[in-house]
Amino acid sequence: MPMRMDRQGWWNAVRKGLIWGGVAVFVAMVGMVETFAERQVIIGVVSFGMTLLALAGVAAGFQAARGPAGGGRVSALLGGAVAGAVVGAAVAGLLLVGSVLNLRTMFVSASPRLFSLLSAGQGLHGWYLPLLAGTALGMIAAGASTLAARLRRPILTGLMSVLTVGVFQELLQIMLGGEGVGAVIRDVLFESEGLLPRGALILFLVAWASSSLWIWRRAAVHVWVARRPASQQRGLRLLTLGIGVSALLLLPHLAGPFLSQVLVLVGLFALLGLGLNIVVGFAGLLDLGYVAFFAMGAYTVGLLTSTGEHGIFHFSFWTAVPIAMVVSLIGGVLLGIPVLRIRGDYLAIATMGFGEIIRLLVLSDFLRPWLGGSQGILAIPKPTIVGLELSGPEQLFYLTLVLCGLVVFVASRLRDSRLGRAWMAVREDEDVAEAMGINLVNVKLLAFGLGASFGGLSGAIFAVMVGSVFPHSFQLLISIKVLSPIIVGGMGSLPGVLVGSLALVGLPELLREFADFRFLVYGAALVAMMQLRPEGLWPEPVRKRELHESEQDAAEPEKVLA
Amino acid sequence: MRGAWARKGTLVDLYLWAFRVVVILVVIWGTFGTLRAGTYSREHWIDFAVFGLSQGSIYALIALGYTMVYGVLRMINFAHGEVFMSGAYTAYFVADAFGRSGYLNRNPLVSYLAILVVAMLTSTAIALVVERLAYRPLRRAPRLVPLISAIGASFFLQYAFRGLYGSGFKAYPEPEVLKGKWVIAGIGILRSQVIVVVGAALMLLVLYWFVMRTKTGMAMRAVSEDKDAAALMGIDVDRVIVITFALGAAMAGAAGVLYALVFKQVHFFMGFVPGIKAFTAAVLGGIGNVPGAMLGGLFLGLVESVGPALFLDGLGIVAPYQLKDVIAFTMLVMVLIFRPSGILGERLVVKKA
């Protein structure tokens with residue numbers, strides 16, 4: 001086995017190191033390291049902020065080892081070490097510059113605390129520490145990359161479970177409860193502030209063992225299931241579904257009001273996402289003004305039910321919701337008609353313009369006597385159901401869950417209907433769809449209208465959840481917040497929307513410190529998804545084929561030119 | 001194509017006509033009301049117009065970036081507003097250092113040139129990074145894919161700068177020379193506004209000369225006509241695209257400094273609204289058309305500054321200035337609906353991605 005790497009291999013390692021070193025410096029300077037230093041993954045050992053930095057080193061090492069170097073394990077290790085060392089050198093360079101110059105006049109996050117974190121409290125004298133850590137991490141990652149997947153996967157699973165449990169330890173501790181078996185497990189794994197080193201070790205071993213077991217026995221399990229008679233297979237599937245649903249139903253009881261609150265938000269954005277998914281995912285009309293319908297629903301419910309000064313009829317929530325949906329539907333059609341003939345990116349900008357116009361009008365003093373201007377509409381009563389007030393987050397969670405289920409059902413029936421196929425035809429090619437006899441006006445307006453009415457429904461829930469409506473809640477950012485889960489989950493895919501909302505709305509809510517970086521990560525996620533997996537994490541099979549076909553089409557002319 | 005629409009869309013056409021007529025009636029009615037009431041004197045109108053011109057020339061500078069990139073790539077560079085912000089925000093630190101040391105007042109010309117250079121370089125660097133990482137890999141992807149990537153890049157940049165430089169407003173220092181008014185032809189005009197209009201006009205002239213008279217400019221125009229044919233003529237298309245991004249970004253960076261001269265503060269979110277408005281200006285003038293973007297910018301600036309007083313005040317609307325963005329966005333939507341080719345542009349053939 002040759003011991004030396006060729007020049008290309010070295011250069012590749014240095015390049016990967018430089019890229020990930022840049023990422024590491026950016027993560028530090030943007031304030032993530034310091035903010036997340038509060039969140040300990042393992043008490044006294046490593047914080048989430050440091051984990052982020054470490055991941056840059058690991059990624060560099062892994063990529064360098066996977067590069068075009070070739071030439072066996074030794075050169076892979078060497079490449080990983082070089083890449084990791086370059087990442088470490090970048091961080092060390094930041095440390096040196098930051099200790100000599102006062103970067104804080106420009107970069108607010110370049111605090112003394114950051115530099116003490118980077119050097120493990122040693123200050124300028126600790127400059128070699130990031131360098132050593134980077135080299136070691138790069139080498140370890142490179143070593144891991146040369147292992148067989150059979151061995152590597154369990155280790156990765158183990159590390160990921162430790163990271164997840166460590167980061168979300170507060171929540172898990174609440175879920176384990178104060179007594180019984182849960183309390184025993186909790187005392188073994190956790191301390192009040194976080195995961196103990198021994199807990200981390202136990203977790204790692206358990207996750208490693210079960211993952212290895214699964215990889216070892218997976219084929220056998222599949223064979224076993226396949227050999228059962230059909231009725232038993234269906235029974236098994238129903239059992240898994242039943243366990244999933246009951247876990248979902250019990251979740252608020254296990255995890256307390258905070259998690260319920262988060263789940264209500266996730267449900268709300270899933271509901272919005274399902275509505276927007278009809279417009280963007282099914283019909284392929286990129287609508288950036290979707291928040292307008294959310295606002296219409298919320299304001300309709302606010303005006304109809306509020307007991308405050310702007311309330312008109314003092315209806316009950318259940319009367320107001322259908323009205324809100326109808327109002328948003330009409331709004332969707334009215335705003336849809338003018339933009340019928342606009343396509344693609346122009347459509348996105350035009351709908352965004354409409355969304356902003358509506359927000360600015362609601363905010364203005366001009367409409368203040370009716371809509372309350374910037375003060376909004378206050379005192380919206382909670383809905384009641386047979387004399388029971390749905391006041392707490394837990395009750396609202398069940399409400400959103402039921403509505404989500406309903407909307408998923410409606411959306412899936414729509415998708416498989418004649419109309420749904422017409423939408424997909426329009427998404428692929430408007431001209432061809434029209435030539436095939438699809439009435440573009442009707443089909444597009446139905447997409448806008450139905451999508452808008454689901455948006456209105458979520459607006460209605462939002463109004464009662466918060467108890468008041470402000471124009472401030474309906475900024476363009478909300479449209480982006482709804483769009484991102486759809487894109488990440490997979491355009492047009494219903495499970496994709498749910499998974500996307502859970503990942504992009506749920507996780508950031510659970511990590512409180514994350515708030516400042518939410519849109520940073522959304523932006524990066526959108527850019528990355530478009531390049532790595534434009535079809536999303538959980539794509540519709542049709543959509544996936546479309547995107548890959550078009551890639552092939554695009555590749556052809558290149559070949560012709562070459 | 002047109003015929004099919006007309007047959008099927010009679011109700012739609014009616015609705016669109018009603019929309020047009022209502023907007024025109026509102027404008028006429030409001031103008032009539034305002035002029036009859038005579039709330040505003042001649043000086044007021046001149047002030048509005050000058051402010052509109054200075055704001056419009058900033059929009060024009062930003063709009064160039066949209067229009068040139070659209071010309072060569074047929075994509076909306078949604079992150080262009082953030083490119084504008086990055087230059088102004090980074091140059092703030094230079095301006096602040098000059099302001100503190102007193103050099104800004106001793107030698108305003110040199111310090112402003114330095115600020116301008118820093119802003120333009122930063123904007124260019126950011127735009128090139130965005131082009132390399134977010135757009136170039138998607139050159140041949142379906143049309144919505146680069147747009148979504150651009151939206152992502154836009155939010156990434158906003159919040160990256162928020163994390164790097166902080167979330168507060170930063171006050172741009174102002175040299176003594178630019179405080180107060182100059183009297184030109186009997187009209188007192190704020191000095192900073194004069195500088196903005198003159199500076200922007202110079203930039204626009206230089207750019208126009210570059211696009212129309214140099215070899216690289218000619219290559220840019222060739223690429224925007226037909227990318228494949230240009231490549232066959234021996235033009236390095238990738239290089240031209242990079243130059244286009246760089247030029248647009250440099251103009252945006254300069255616009256950022258001028259913006260800071262007028263509004264005297266910078267913020268991480270400052271790029272969004274001017275970005276959208278500059279896009280409106282680009283569409284207004286006919287996207288892909290360089291003189292069109294300049295005209296569109298000036299026109300939009302004027303309408304936005306004169307409009308609230310002229311159209312809305314007469315309708316008895318309280319605080320019409322809160323609605324100036326509504327005027328801009330309404331213009332955007334109306335241009336997109338009724339004349340997507342803009343004032344100067346020829347009708348675009350609907351090209352598929």
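Q: pLDDT is the predictor's confidence in each residue, from 0 to 100; what is its mean over chain A, and what share of the residues reach 70 or more?
A: The mean is 82, and 94% of the residues of chain A reach 70 or more. This is a predicted model, in which local features need pLDDT of at least 70 and side-chain atom pairs count only at pLDDT 80 or more, while totals for chains, interfaces and linings use all residues. Residues are numbered from 1 along each chain as its sequence is written, with chains lettered from A and ligands numbered from 1 in the order in which they are written.

Q: Where in chain A does pLDDT stay under 50?
A: Over residues 553-562, for which the model has 1 contact beyond four places in sequence (a contact means C-beta atoms, placed from the backbone, within 7 Å). Where pLDDT is low, the predicted coordinates should not be read in detail.

Q: Why are α11(A) and α16(A) called roughly parallel?
A: Helix α11 (residues 230-282) and helix α16 (residues 393-416) of chain A have axes that come within 8 Å and cross at roughly 25°. Angles run from 0 to 180 degrees between N-to-C directions, with axes fitted to C-alpha atoms over the stretch in contact. Under 35 degrees counts as roughly parallel, over 145 as roughly antiparallel, 65 to 115 as roughly perpendicular and the rest as oblique, so α11(A) and α16(A) are roughly parallel.

Q: How do the residues of the contact of α11(A) with α16(A) divide by class?
A: Into 20 nonpolar, 5 polar and 2 charged. Here Ala, Val, Leu, Ile, Met, Phe, Trp, Tyr, Cys and Pro count as nonpolar, Asp, Glu, Lys and Arg as charged, and the others, Gly among them, as polar.

Q: What makes up the side of chain A that touches chain B?
A: The contact takes 46 residues from chain A and 50 residues from chain B. On the chain A side, α14 (344-363), α20 (476-489), α22 (518-532) and α23 (541-561) each give two or more residues. Of these, α14(A) gives the most, with 12 residues.

Q: Which domains does the assignment give for chain A?
A: Domain 1 (1-146), domain 2 (154-242) and domain 3 (255-557); the bounds come from an automatic or database assignment.

Q: How far apart are the C-alpha centres of domain 1 and domain 2 of chain A?
A: They lie 31 Å apart. The contact takes 9 residues from domain 1 and 11 residues from domain 2.

Notes:
Helices (H or I, at least four residues) and strands (E, at least two) are DSSP runs, numbered from the N terminus. Two residues are in contact if their C-beta atoms, placed from the backbone, lie within 7 Å.
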